[in-house]
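I opened a new notebook for this structure. The entries below keep the order in which I looked things up.

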Amino acid sequence: MTSYAVIGASRGIGLEYVRQLAARPDSVVFAVVRNAATSTHLQAAIKGLQNVHRAAKLASDLAGGKLDVLIHNAAITGSPASGRGGFDDFLSMYELDDDFITTFKTNTLGVIHSITAFLPLLRAGSTKKVVVISTGGADVPTVRKQGIAYMAAYHITKTAAVMATAKWALTLQDEGFVVVSLTPGLVDTTGTKGEYGDLVPEAAHARMVAVADEFAQKNIPVVLETPEQSVSKQLKIVDGLKPSDNGLLIDHYTGKEYSL
Ligand SMILES: NC(=O)c1ccc[n+]([C@@H]2O[C@H](COP(=O)([O-])OP(=O)(O)OC[C@H]3O[C@@H](n4cnc5c(N)ncnc54)[C@H](OP(=O)(O)O)[C@@H]3O)[C@@H](O)[C@H]2O)c1
């Protein structure tokens, strides 16, 4: 049996990880969410499944005190204030600070906290893999080519998360861990945004298509994928992680170190 914990599993890419991992024979999946009651997409997806559990604190009992693979996916990605804000979009530096600090807490400190919380279980496991879902927006040459000055808090805090992940990789390398950041490409997660999104799903989907078109015009090699397509590629990389990958930011298209 292989055990997986997915942090931020209520919707989008995290939800798709739960779906695909739960379908594997002999797997147990811990779908970690901050609010089980409002995670309606997850509730629907795992109805009737015996190998998916929603409470992190049960992981120790249910997986025999061990965890094989931790996938940290949770992030603030889409609020108009934090996700899309450029430096000029705030009314004051106080407002900017509040927004950046909130985003930093989730996107950067959240990574450090979740690895810390699951470390005793991971140490007891034999696989010892930690995967932090990142973004091409954590790479300066990519952001320059994209020409995206907005999404400042998101890109800055995800860049810091890549460094936090690399620090964990170095901290844990002598214990046989492989700790990596993994870019998922451009993924249309608008279908599970529901009431959490700031746009109705159709408008959010149209925005994703427009972003993909803009990237294509700039010769940026990214195509808009469904969560199914992206996560299936990501899982092949997770399955094949090796010690020499430790600390890298890995591209889900190539399985190699991310580079535009
Ligand atoms: N979609 C893309 O094109 C794309 C591209 C590059 C990178 N990524 C990365 O892929 C990951 C998932 O993206 P997505 O598009 O699937 O996003 P999403 O649909 O907005 O889902 C975000 C997930 O993070 C959780 N989350 C947000 N804030 C949290 C907090 N403070 N504490 C705990 N959980 C929190 C959400 O839970 P709630 O339901 O409780 O809010 C939700 O499960 C992110 O790390 C993102 O940076 C996505």
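**Entry 1: two residues with positive phi**

I began with Lys 128, which sits in the loop between H4 and strand S5 (129-133); helices (H or I, at least four residues) and strands (E, at least two) are DSSP runs, numbered from the N terminus. Lys 128 is not a glycine, yet its phi is positive, about 55 degrees. Is Lys 128 buried or exposed? Its relative accessibility is 14%, so I noted Lys 128 as buried. The cut-offs I used are under 20% relative accessible area for buried, over 50% for exposed, and partly exposed in between (1.4 Å probe, protein chains only).

I then turned to Met 151, in the loop between helix H5 (140-146) and H6. Met 151 also has a positive phi of about 55 degrees and is not a glycine. Its relative accessible area is 18%, so Met 151 counts as buried.

**Entry 2: what kind of model this is**

I wrote down that this is a predicted model, in which local features need pLDDT of at least 70 and side-chain atom pairs count only at pLDDT 80 or more, while totals for chains, interfaces and linings use all residues. Residues are numbered from 1 along each chain as its sequence is written, and side-chain values use heavy atoms, with hydrogens and water left out.

**Entry 3: the chain as a whole**

I counted 8 helices and 9 strands in the chain. The C-alpha trace spans about 50 × 40 × 35 Å along its principal axes. I checked the radius of gyration, taken over C-alpha atoms, against the globule rule of 2.2 Å times the number of residues to the power 0.38. For 260 residues a compact globule would come near 18 Å, and the chain has 18 Å, which agrees.

Of the 260 residues, 49% count as buried. The chain exposes about 12,500 Å², and carbon and sulfur atoms supply 58% of that; accessible areas come from the Shrake-Rupley method with a 1.4 Å probe, and for residues only the protein chains shown count as cover. I also looked at contacts, meaning heavy atoms within 4.5 Å. Among those with a separation of 6 or more, 75% join residues 24 or more positions apart.

**Entry 4: the ligand**

Which residues are closest to the ligand? I found Ser 10, Arg 34, Tyr 154, Lys 158 and Val 187, out of 24 residues that surround the ligand; a residue is near if one of its heavy atoms lies within 4 Å. This shell divides into 10 nonpolar, 10 polar and 4 charged residues.

An N or O atom in the side chain of Tyr 154 is 2.6 Å from an oxygen atom of the ligand. For a polar side-chain atom of Lys 158 the distance is 2.7 Å, and for a polar backbone atom of Val 187 it is 2.8 Å. The ligand on its own has 900 Å² of accessible area, and the protein covers 88% of it. Helix H1 (12-22), helix H6 (152-172) and strand S7 (186-187) are the elements that each give two or more residues to the shell.

I followed H1 further. Of its 11 residues, 10 are buried, so H1 is largely enclosed by the rest of the structure. Among the buried ones are Ile 13, Leu 15, Glu 16 and Tyr 17.

**Entry 5: Asn 107**

I placed Asn 107 in helix H4 (residues 93-124). At 2% relative accessibility, Asn 107 is buried. A polar atom of its side chain lies 2.7 Å from the backbone nitrogen of Ile 76. The side chain of Asn 107 also makes a polar contact (a pair of N or O atoms within 3.5 Å; within protein, one must be able to donate a hydrogen and the other to accept it, and residues adjacent in sequence count only if both atoms are side-chain atoms) with the side chain of Thr 157, at 3.1 Å. Beyond its neighbours within four places in sequence, Asn 107 is in contact with residues including Tyr 154 and Lys 158.

Glu 225 is in strand S8 (residues 224-225) and is buried, with a relative accessible area of 4%. Leaving aside neighbours within four places in sequence, its contacts include Val 187, Lys 233 and His 252.

Last, I looked at Gly 191, in the loop between S7 and helix H7 (201-217). Gly 191 is exposed, with a relative accessible area of 62%. Gly 191 and Ala 153 are 38 residues apart in sequence and 24 Å apart in space, C-alpha to C-alpha.

Terms used
Ala, Val, Leu, Ile, Met, Phe, Trp, Tyr, Cys and Pro count as nonpolar, Asp, Glu, Lys and Arg as charged, and the others, Gly among them, as polar.
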